[in-house]
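Please look at the sequence and the model together before reading on.

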Amino acid sequence: MSKLVICDHPLIQHKLTFIRDKNTNTKDFRELVDEVGTLMAYEITRNVKLETVQVETPVQVTESKVVSGRMLGLIPILRAGLGMVDGMLKLIPAAKVGHIGLFRDPQTLQPVEYYINLPTDATNRLLIVIDPMLATGGSAIAAIDSLKKRGCEQIKMMCLIAAPEGVDALQKAHPDVDIYTAALDEKLNDHGYIVPGLGDAGDRMFGTH
């Protein structure tokens, strides 16, 4: 079974409080999500492999560490996932970015893919699927299904807030995909919103309704 990692760093939790606040305006909401994206990037890259290289300091030659192994790819689910990408790129600027667009079919209520654009070397990268909300898990499962169909094997999921129902569904569908979240909330309500949650992340980020 995959790991569920709750990123409980004090700065993440502090900023998450203001992200939840319904009185936080669009500008501040967007900036806070961006900042949390940067902070969570530290957690999700904690186990990235290192290798030893030689470097010459102003004093002498010494051995030091650099990132080794698989390159990273960031795959936001449109549109809300876009809000966390720039924050992550501040920390890992060499990462490549792809996009997956999904909408919910009004009849079946199932996610339907309408757009995908991946780095040409996506199969050689550790891919981080990004969506602020892991509610029912439907969009995350569909996005990861799509990546795996294209030969991508190394995948992690990152979100701001998760519901237990979404975590359970994603772990059952993709037991090899670790989940990183800033908070595991109480439940989903009858409308599929996370409780207590933060409302609709996309609407709050882009000032739409």
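The model is a predicted one.

Two packed helices are described by the angle between their axes and the distance between the axes. Here, helix 1 covers residues 10-20 and helix 2 covers residues 26-44; their axes come within 10 Å and cross at roughly 155°. Because angles over 145 degrees count as roughly antiparallel, helix 1 is roughly antiparallel to helix 2. The crossing of helix 1 past helix 2 is left-handed. Helix 1 contributes Leu11, Ile12, Lys15, Phe18 and Ile19 to the contact, while helix 2 contributes Phe29, Leu32, Val33, Glu35, Val36, Leu39 and Met40. Sorted by class, this contact of helix 1 with helix 2 comprises ten nonpolar residues, two charged residues and no polar ones.

Attention now turns to the annotations. In an unreviewed entry, UniProt gives the feature "binding site" at Ile194, Gly199, Asp200 and Ala201. Ile194, Gly199, Asp200 and Ala201 are included in the lining of the largest pocket. Gly199 lies in the loop that runs between strand 13 (194-195) and helix 6 (201-206).

The unreviewed UniProt entry also lists "binding site" for Arg79, Arg104, Asp131, Pro132, Met133, Leu134, Ala135, Thr136, Gly137, Gly138, Ser139 and Asp200. The lining of the largest pocket includes these residues, among them Arg79, Arg104, Asp131 and Asp200. Ala135, also part of that lining, sits in the loop between strand 9 (133-134) and helix 4 (138-149).

Conventions:
Residues numbered from 1 in each chain as written. Predicted model: local features only at pLDDT ≥ 70, side-chain atom pairs only at ≥ 80, totals over all residues. Heavy atoms only, no water. Axes fitted to C-alpha atoms, helices over the stretch in contact; angles between N-to-C directions. Helix = DSSP H or I, 4+ residues; strand = E, 2+ residues; numbered from the N terminus. Parallel < 35°, antiparallel > 145°, perpendicular 65-115°, else oblique. Left-handed = near helix turned anticlockwise from the far one by under 90°. Contact = heavy atoms within 4.5 Å. Nonpolar A, V, L, I, M, F, W, Y, C, P; charged D, E, K, R; others polar. UniProt positions renumbered as here; feature names shortened; annotations may be inferred. 1 Å grid on protein atoms, 1.4 Å probe; cavity = no way out; pocket = protein on both sides within 12 Å on 5 of 7 lines; lining within 4 Å.
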